Amino acid sequence: MAYPGYGGGFGDFSVQIPGMQIQMGQSVPGTGPNMLPGGYPGYPAYSDSYSPADDSMWTYFTAVAGQDGEVDAEELQRCLTQSGISGTYSPFSLETCRIMIAMLDRDYTGKMGFNEFKDLWAALDAWKQNFMTFDQDQSGTVEHHELSQAIAVMGYRLSPQTLSAIAKRYSKNGRIFFDDYVACCVKLRALTDFFRRRDHLQQGFVNFTYEDFLQGTMTV
């Protein structure tokens, strides 16, 4: 079974954070030639020769992370709000920031390190570009059928019944706001990763224990 990727084309959206700019269509600093296969399924891992100190995002990360060298949900919320990555859309809620961290938090610490921070930033860029494609009236919302189309663009092949259930879960008065859209994308990615890691034959069927199921679903 072929599992979906995590985002559509990057387009030309640019995001500004203090001290640097990432132009959509360009690599996030620290990715590309210095990366080696490995790490999370579908994710690159840093080579032994890679130095975070040489990365323009490292200084920003350390300022956000503080002394413990990791970012929790409240720190991530402040970071994303100050960066302006949500643009004209409403800032991310604390709950959405929690599930963003949970998406990459393999050891259940409730925090993320530098590699995860960069991975999340790239994913947010792609998700926002995808959302903007369907939010053509710039209302900050999309309709149910547009959410279904956005999910399909990301590579997910889901039944109409599943898409309808997802749309109802994340909509308010029939519309899906950007914050809820990102929460939906995070859960789709996290739960797909959880399932795929256990689907060793890539057939779309897995067996896992009750507690394993709870760990994979209740922590996102």
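**Salt bridges and their surroundings**

Visitor: What makes Lys111 count as partly exposed?
Guide: This is a predicted model. Lys111 has 28% relative accessibility. Buried means under 20% and exposed means over 50%, so a value in between counts as partly exposed.

Visitor: Why is the contact of Asp68 with Lys111 called a salt bridge?
Guide: The closest N and O atoms are 2.8 Å apart. The cut-off is within 4 Å, so the pair qualifies.

Visitor: Which parts does the pair of Asp68 and Lys111 tie together?
Guide: Asp68 sits in the loop between helix 1 and helix 2. Lys111 sits in the loop between helix 3 and helix 4. These parts are 43 residues apart in sequence, so the pair ties them together. Asp68 is partly exposed at 40% relative accessible area.

Visitor: Why is Arg189 called buried?
Guide: Its relative accessible area is 3%. Buried means under 20%, so Arg189 belongs in that class. Arg189 also forms a salt bridge with Asp119, with the closest N and O atoms 2.8 Å apart. Asp119 lies in helix 4 and Arg189 in helix 7, so the pair joins parts 70 residues apart in sequence.

Visitor: How do you know that Arg198 and Asp212 meet in a salt bridge?
Guide: The N to O distance is 2.7 Å. That is within 4 Å, so the label holds. Arg198 lies in helix 7 and Asp212 in helix 8, 14 residues apart in sequence. Arg198 is partly exposed, at 22% relative accessibility.

Visitor: How many salt bridges does the structure hold?
Guide: Seven.

Conventions
Residues are numbered from 1 along each chain as its sequence is written. This is a predicted model: local features need pLDDT of at least 70, side-chain atom pairs count only at pLDDT 80 or more; totals for chains, interfaces and linings use all residues. Side-chain values use heavy atoms; hydrogens and water are left out. A salt bridge is a side-chain nitrogen of Lys or Arg within 4 Å of a carboxyl oxygen of Asp or Glu. Helices (H or I, at least four residues) and strands (E, at least two) are DSSP runs, numbered from the N terminus. Buried means under 20% relative accessible area, exposed over 50%, partly exposed in between (1.4 Å probe, protein chains only).
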